[in-house]
Structures are given as C-alpha cells and as structure tokens.
Amino acid sequence: MSSTAPHPHIGMWVTADGRIRQELLPNGRYEEERDGRKRAYTGRYTVDGDHIDYLDDLGFTATGDVRDEILYHEHLVLHRER
C-alpha cells in the first residue's frame, strides 16, 4: 500500500498514561509528542497491512504492528484516541 493512500490506521494513537501521542497523518508522515513536547519525533511511515515501518527525520528506524485495535510500536502500547 502506498504511504499516501488512506488506510484505517490514520489518526492519533496514545499511551494509556497519555504521555506519548503519535499521530499518523494521511500524507505518510507522523508526529510524536512526548511528555507535552510537541513534535518530539517526526518522520515518514509506510503501511503494509497492519505492519508499519517508520523512518524518523533523524535517520533511525522503528516498526509497529496493529493487533486488535492496539498499536504495538517497539516497546510502546498505544490505543486509538476517540
């Protein structure tokens, strides 16, 4: 799937304690807020089914998988913000 094609994972994902907020934008970019610091991490992402590959603007990579409406992003567990 193209990184710019609409997919069901677009939107805001948040940890249970609210400290980390990650928004998957429809243009294939993401923005992550940590402890109130807006845009603490930004970069691109691509989606293949329920698997997400991240490439941060600083050059590091990460992965995530959505299972049962939960985003498991490396060591984080994020839930869709409703």
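Here are some questions and answers about this predicted model.

Q: What is the mean pLDDT of the protein chain?
A: Let's start with confidence, since where pLDDT is low, the predicted coordinates should not be read in detail. In this chain, 93% of the residues reach 70 or more. The mean pLDDT of the protein chain is 93.

Q: In which strand is confidence highest?
A: The strand with the lowest confidence is β4, residues 37-48, and even there the mean is 96. At the other end of the range, the mean is 98, and the strand is β5.

Q: Which strand gives the most to the lining of the largest pocket?
A: The largest pocket holds about 150 Å³ of space, and 14 residues line it. Three strands each supply at least two of the lining residues: β3 (29-34), β5 (51-56) and β6 (61-67). With 3 residues, the strand that gives the most is β3.

Q: How many residues of the lining of the largest pocket are nonpolar?
A: The residues closest to the pocket centre are E32, R34, F60, A62 and H73. Taking the lining as a whole, 4 residues are polar and 4 are charged. The number that are nonpolar is 6.

Q: Is E32 buried or exposed?
A: E32 is one of the residues closest to the centre of the largest pocket, and its side chain forms a salt bridge with R34, with the closest N and O atoms 2.6 Å apart. R34 is partly exposed, at a relative accessible area of 25%. The cut-off for buried is under 20%. E32 has a relative accessibility of 3%, so it counts as buried.

Q: How many salt bridges does the count come to?
A: Side chains of opposite charge can pair when their charged atoms come close. The pairs here include R39 with E31, at 2.6 Å from N to O, and E32 with R34. E31, for its part, is partly exposed, with a relative accessible area of 26%. The count of salt bridges comes to 6.

Q: How many residues apart in sequence are the parts that R21 and E81 tie together?
A: R21 and E81 form a salt bridge whose closest N and O atoms are 2.6 Å apart. R21 lies in strand β2 (residues 20-24) and E81 in the segment after β8 (76-80), so the pair ties together parts of the chain that are 60 residues apart.

Q: The side chain of T15 reaches the backbone nitrogen of which residue?
A: T15 sits in strand β1, residues 11-15. With a relative accessible area of 11%, T15 is buried. At 3.4 Å, its side chain reaches the backbone nitrogen of R19.

Q: Which side chain does a polar contact join to that of T42?
A: T42 belongs to strand β4. Its relative accessible area is 11%, under the 20% cut-off, so T42 is buried. The polar contact spans 2.6 Å, and the partner side chain is that of D57.

Q: What distance separates the C-alpha atoms of L25 and I10?
A: L25 lies in the loop between β2 and β3, and at 17% relative accessibility it counts as buried. Along the chain, L25 and I10 are 15 residues apart. Their C-alpha atoms are separated by 5.9 Å.

Q: What distance separates the C-alpha atoms of A62 and A40?
A: A62 is in strand β6 and is among the residues closest to the centre of the largest pocket. At 11% relative accessibility, A62 counts as buried. A62 and A40 are 22 residues apart along the chain, and their C-alpha atoms are separated by 15 Å.

Q: What is the phi of E69?
A: Most residues other than glycine have a negative phi. E69 is in the loop between β6 and β7 (70-73). Although E69 is not a glycine, its phi is positive, at about 65°.

Q: Where does E74 lie?
A: E74 is not a glycine, yet it has a positive phi of about 50°. Its place in the chain is the loop between β7 and β8.

Methods. Residues numbered from 1 in each chain as written. Predicted model: local features only at pLDDT ≥ 70, side-chain atom pairs only at ≥ 80, totals over all residues. Heavy atoms only, no water. 1 Å grid on protein atoms, 1.4 Å probe; cavity = no way out; pocket = protein on both sides within 12 Å on 5 of 7 lines; lining within 4 Å. Points joined across faces, edges and corners; volume = space filled by probe spheres on them. Helix = DSSP H or I, 4+ residues; strand = E, 2+ residues; numbered from the N terminus. Nonpolar A, V, L, I, M, F, W, Y, C, P; charged D, E, K, R; others polar. pLDDT = per-residue confidence, 0-100. Salt bridge = Lys/Arg side-chain N within 4 Å of Asp/Glu carboxyl O. Buried < 20%, exposed > 50% of the residue type's maximum accessible area, 1.4 Å probe, protein only. Polar contact = N/O pair within 3.5 Å; in protein donor to acceptor, adjacent residues only side chain to side chain.
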